[in-house]
Amino acid sequence: MTRKFRVGDHVSWNSEAGRVSGTIIAVRTEDFDYKGHTRRASKEEPQYEIKSDKTDHVAAHKGSALERTPK
């Protein structure tokens, strides 16, 4: 089952630098360009743009890579 999240949800995910947390700022349900690469998204499998709590970096991930966390 695909995990569903909404704008404003606080989530965490694994990165090369370890566990990162942030807030979802956008839910993408159509293919989109992200840092020069096409990211595939659909209503069934959306991609989420997340702003990191520590660095303000914005990342894009599938719901399966995310875990809801308390803020």
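**Core, rings, pocket and loops**

Me: At 0% relative accessibility, does Leu66 count as buried or exposed?
Reply: Buried means under 20% relative accessible area, exposed means over 50%, and partly exposed lies in between, with a 1.4 Å probe and protein chains only. Because the relative accessibility of Leu66 is 0%, this residue counts as buried.

Me: What kind of model is this?
Reply: Residues are numbered from 1 along each chain as its sequence is written, and side-chain values use heavy atoms, with hydrogens and water left out. Local features need pLDDT of at least 70, side-chain atom pairs count only at pLDDT 80 or more, and totals for chains, interfaces and linings use all residues, for this is a predicted model.

Me: Where in the chain is Leu66 found?
Reply: Strands (E, at least two residues) and helices (H or I, at least four) are DSSP runs numbered from the N terminus. With strand E7 spanning 67-68, the place of Leu66 is the loop between E6 and E7.

Me: Leaving aside neighbours within four places in sequence, which residues is Leu66 in contact with?
Reply: Contact means heavy atoms within 4.5 Å. By that rule, and with neighbours within four places left aside, the contacts of Leu66 are Arg3, Phe5, Val11, Ser12, Trp13, Tyr48, Ile50 and His61.

Me: How many residues make up the largest nonpolar core?
Reply: A nonpolar core is a set of buried Ala, Val, Leu, Ile, Met, Phe, Trp, Tyr and Cys residues joined through side-chain atoms within 4.5 Å. The largest one holds Phe5, Val11, Trp13, Ile24, Phe32, Tyr34, Ala41, Tyr48, Ile50, Ala59, Ala60 and Leu66, and the number of residues in all is 12.

Me: Which strands each supply at least two residues of this core?
Reply: Four spans of the chain are to be named here: 10-15, 32-34, 47-52 and 58-62. In that order, the strands are E1, E3, E5 and E6.

Me: How many aromatic pairs does a search of the whole structure find?
Reply: Rings of Phe, Tyr and Trp (its six-membered ring) pair if their centres lie within 6.5 Å, and planes under 30 degrees apart count as stacked, over 60 as edge-to-face and the rest as tilted. Searched in this way, the whole structure has aromatic pairs numbering two.

Me: What arrangement do the rings of Phe5 and Tyr48 have?
Reply: The ring centres of Phe5 and Tyr48 are 5.4 Å apart and their planes stand at 90°, so the pair is edge-to-face. This pair links distant parts of the chain, 43 residues apart, with Phe5 in the segment before E1 and Tyr48 in strand E5. Phe5 and Tyr48 are both buried, and the arrangement of their rings is edge-to-face.

Me: What is the angle between the planes of Phe32 and Tyr34?
Reply: Phe32 is buried because its relative accessibility is 6%, and Tyr34 is buried with a relative accessible area of 13%. Their rings form an edge-to-face pair at 6.4 Å centre to centre, and the angle between the planes is 75°.

Me: Which residue lies over the face of Phe32?
Reply: A charge sits over a ring if NZ of Lys or CZ of Arg is within 6 Å of the ring centre and within 35 degrees of the ring normal. At 4.5 Å from the ring centre of Phe32, the residue over its face is Arg28.

Me: Which element gives the largest share of the lining of the largest pocket?
Reply: On a 1 Å grid over the protein atoms alone, a pocket is an open set of points where a 1.4 Å probe fits, with protein on both sides within 12 Å along at least five of seven lines, and lining residues have an atom within 4 Å of a point. The lining residues are Trp13, Asn14, Ser15, Glu16, Val20, Ser52, Thr55, His57, Ala59 and His61. E1 and E6 are the elements that give two or more residues to this lining, and the largest share, three residues, comes from E1.

Me: Is Lys35 buried or exposed?
Reply: Lys35 lies in the loop between E3 and strand E4 (37-39), and this residue has a positive phi of about 50° although it is not a glycine. Because the relative accessibility of Lys35 is 55%, this residue counts as exposed.

Me: How far apart are the C-alpha atoms of Gly63 and Lys4?
Reply: Gly63 lies in the loop between E6 and E7 and counts as buried because its relative accessibility is 2%. Although Gly63 and Lys4 are 59 residues apart in sequence, their C-alpha atoms are separated in space by 6.3 Å.
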